[in-house]
Amino acid sequence: MLMLSEQVIIAALEAGKPISGQFAEGAFHLEVREYVPYVATAVHAGHRTRASLKGLFAMSDAERLQEEDPFTDGMIESLPITLIARDSRYEYDLNRAPELAIYKEAWGKQVWNQALPNADIDISLSKHAAYYRVLSALLTTLERKFGACLLFDVHSYNYQIRSYPYAPTFNIGTAQLDTLRFRAVLDELKKQLGLKKLAGQLVDCAENTVFQGQGYQAHYVTCHFDNTLVVPLEVKKVFMDENSGELFPVVFEKLQRNMHVALSKTAKTFAKNHCYKPLRKAKSASQLDPALINVDSALYRIAKNLETLHYVNPSNIAQEKRRFFSKRHYQPAFKYRPLKIDPYEFKEQLYRLPVGKIQDPIVKDLYRKVIDSYATKIELITQIGREAFLYNSLRYYGEPDYNDINNATFLLHARETETLPKKDITAEQALVRFNQAIETMGLPCKVAISSKLVAKAMVDNGKRLLLVNSSAMLSELDINALIEHEIGVHLLTTLNADAQQLKVLHLGLPGNTYTQEGLAIYREYQSGQINLTRLKVLALRVIAVNMLLKGDKFYQVYEFLADSGVLSVNEAFALTTRIFRGGGFTKDHLYLKGFKDIVQLANARSLDNLYLGKTGIAHLDALDALVEQGIFTRPKYLPDTSRDPEPDAILSYLISSIK
């Protein structure tokens, strides 16, 4: 680690340059990746002591560790600006005034075997003073640059050793703060810290319970900086064994991620209320974490050609369709493309990726989930045409639950009030219309006709290509709906993903199918290009998947669909094929579920960041945070909603009734 002099550090801060290094033989570490109006410190994270003091301690290393704050540096290390102590508080305590910074006794135990020599005291206090000079230079720079600054003063506490009657997961100490002036920021921090569960348990954030925030750092900053809010934050040691000092890695990583989100969102609120400079700009490639770029490019290289539909779409649909209609109760014997990937080598490559080196906990968690998702995906594809395929489909796509089936049944009972539109537009005529739409939108993509599709149309993400089923007969409503669905969502998100510096959103986050299809159906609804028949088709998909899972045969599902009064015999065959391909493909139940959840989400927040690429609803908070951080850029293409009509009253009622 680079050792820096105090003069070099302060000069870099005054010049507004990024800086990373340690001071005074490693007494503390300063990291400024980019200048933002918030800082995080961990003044009790350190455990090291000078060699000259080793023989003078009356306490063992283990005894000292119990009252230090190990791992608090890891809680904040992903933030843009951090100041972290490496020396033990037992050498000198940065959270105490200089005259009290060197303990004689602490928590009922004698600290030293003998009185410390004055020379050793002077060395320790000189490092204490240097820390506060560097902190002052840092806060002066940030106040000058942004008008105000927020400092998170992060600590941890023993709740089992102390046996507190009430021990909150987080405690904010506000005894020295102007709570009237900064109440909105404090309340936002409490709200954000309490949003996520930890190790399956609800968390809570209290104010002035186990600690009141009486430390010297809060006093110093409050006295010397009128426009800096310092927030002492204590974290309950649920992430480690208090007695042995052993870390619980899974709990800690979840805590680290949750704190990153909570502190970042609180900083955004602070900046909005108290700063006069924007919080973030999009990062250039040179500003991104090198470990992240390495993992992202390697993951894309490994997984970019693994398209499920490429392998699961049968290659002999036309032949098997003729046989099915000529033989009663015929079970189609579909054929599939051979897999060109070694699944074992594929998974080995995935799990060898050095994801642990990624600094940002949100990003690290995102990539781990994508890798796990692709490991499941390769198992799904490997089993195409075998009994195990259905099991893996359930792992990857899930199955319709009680609510899904009830929602589908409800829609199927709704009464048609309009004449069904004629399906008299051929694939060739549709291709012309799709090309016109793409030209009007100014999108860099193409349209082609294919004889190998089960669906009416689909997007080939890798080729930026919209494929149209050569045998499809479409209505005017079908054409307009597909323009909104395939072009207005699937192609737009492909183009947005291609515009990102990172490729992970091109590959797709977990849950991207459910999200993409939900968005696409929602776009049909927004644009007025949906009718009750379309909703009933979505409902039939849910019922058909449920019939498959109950053990019904191909012909039984087909007959149910053909007798529904909603689908033609050709459409019934196509939908049955969609469900049974591969050995049982449960994906289609997600369309109605995704639509329902997108409708509900749209009433509560912006959906724009779901258009960043192949995203997932479950990751929207993370995507919002990463856009704010400049990791992802805002979507270049969004649907044109300017000409959307008022929703149909009857359809709106039906959709609002879906639970």
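Hi everyone, let me start with helix H11: the cover over its buried residues includes helix H8 (290-303) and helix H12 (361-382). Before I go on, please keep in mind that this is a predicted model.

So which residues of H11 are buried? In this helix, which runs over residues 343-352, they are Pro343, Phe346 and Leu350. They sit on the same side of H11, because the arc they cover around the axis is only 60 degrees. Turn to the other side of H11 and you find Tyr344 and Arg352, both exposed. The N-terminal end of H11 has a cap as well, and the residue that supplies it is Asp342. One of its side-chain oxygens lies 3.0 Å from the backbone nitrogen of Tyr344.

Let me step back to the whole protein for a moment. It has 24 helices and 14 strands, and its C-alpha trace spans about 100 × 50 × 45 Å along the principal axes. Of the 659 residues, 57% are buried. If you take contacts between residues at least 6 apart in sequence, 75% of them join residues at least 24 apart.

Is Glu320 buried or exposed? With 1% relative accessibility, Glu320 counts as buried, because the cut-off for that is under 20%. What does its side chain reach, then? There is a polar contact with the side chain of Tyr330 at 2.6 Å, and the Glu320 side chain also reaches the backbone nitrogen of Ala333 at 2.7 Å. Leaving aside neighbours within four places in sequence, Glu320 is in contact with Tyr330, Pro332, Ala333, Phe334 and Phe573. For Pro332, which is twelve residues away along the chain, the C-alpha to C-alpha separation from Glu320 is 5.6 Å.

Phe573, one of those contacts of Glu320, brings in another glutamate. Glu418 is 155 residues from Phe573 in sequence, and their C-alpha atoms are 25 Å apart in space. Glu418 lies in the loop between helix H14 (402-412) and helix H15 (427-441). Its relative accessibility is 56%, so Glu418 counts as exposed, whereas Glu320 counts as buried.

On to the aspartates. Where is Asp87? You'll find it in the loop between strand E5 (81-85) and strand E6. Although it is in a loop, Asp87 counts as buried, with a relative accessibility of 3%. Its side chain makes two polar contacts that I'd like to show you: one with the side chain of Arg48 at 2.6 Å, and one with the side chain of Tyr92 at 2.7 Å. Beyond neighbours within four places in sequence, the residues in contact with Asp87 are Gly26, Ala27, Gly46, His47, Arg48, Tyr92 and Lys127.

Asp73, in turn, has its place in helix H3. Its side chain makes a polar contact with that of Arg86, at 2.9 Å. Setting aside neighbours within four places in sequence, Asp73 is in contact with Ala42, Ala45, Ile84 and Arg86.

Last topic, and one for anyone who likes checking backbone torsions. Phe71 is not a glycine, yet it has a positive phi of about 75 degrees. It lies in the loop between helix H2 (61-67) and helix H3 (72-76), and H3 is the helix that holds Asp73. Phe71 has 25% relative accessibility, so it counts as partly exposed.

Which other residue is worth a look here? Trp107, with a positive phi near 50 degrees, is again a residue other than glycine. Trp107 is found in the loop between strand E6 (105-106) and strand E7 (109-110). Its relative accessibility is 43%, and therefore Trp107 counts as partly exposed too.

How values were computed:
Residues are numbered from 1 along each chain as its sequence is written. This is a predicted model: local features need pLDDT of at least 70, side-chain atom pairs count only at pLDDT 80 or more; totals for chains, interfaces and linings use all residues. Side-chain values use heavy atoms; hydrogens and water are left out. Helices (H or I, at least four residues) and strands (E, at least two) are DSSP runs, numbered from the N terminus. Buried means under 20% relative accessible area, exposed over 50%, partly exposed in between (1.4 Å probe, protein chains only). Contact means heavy atoms within 4.5 Å. The arc is that of the directions from the helix axis to the C-beta atoms. A polar contact is a pair of N or O atoms within 3.5 Å; within protein, one must be able to donate a hydrogen and the other to accept it, and residues adjacent in sequence count only if both atoms are side-chain atoms.
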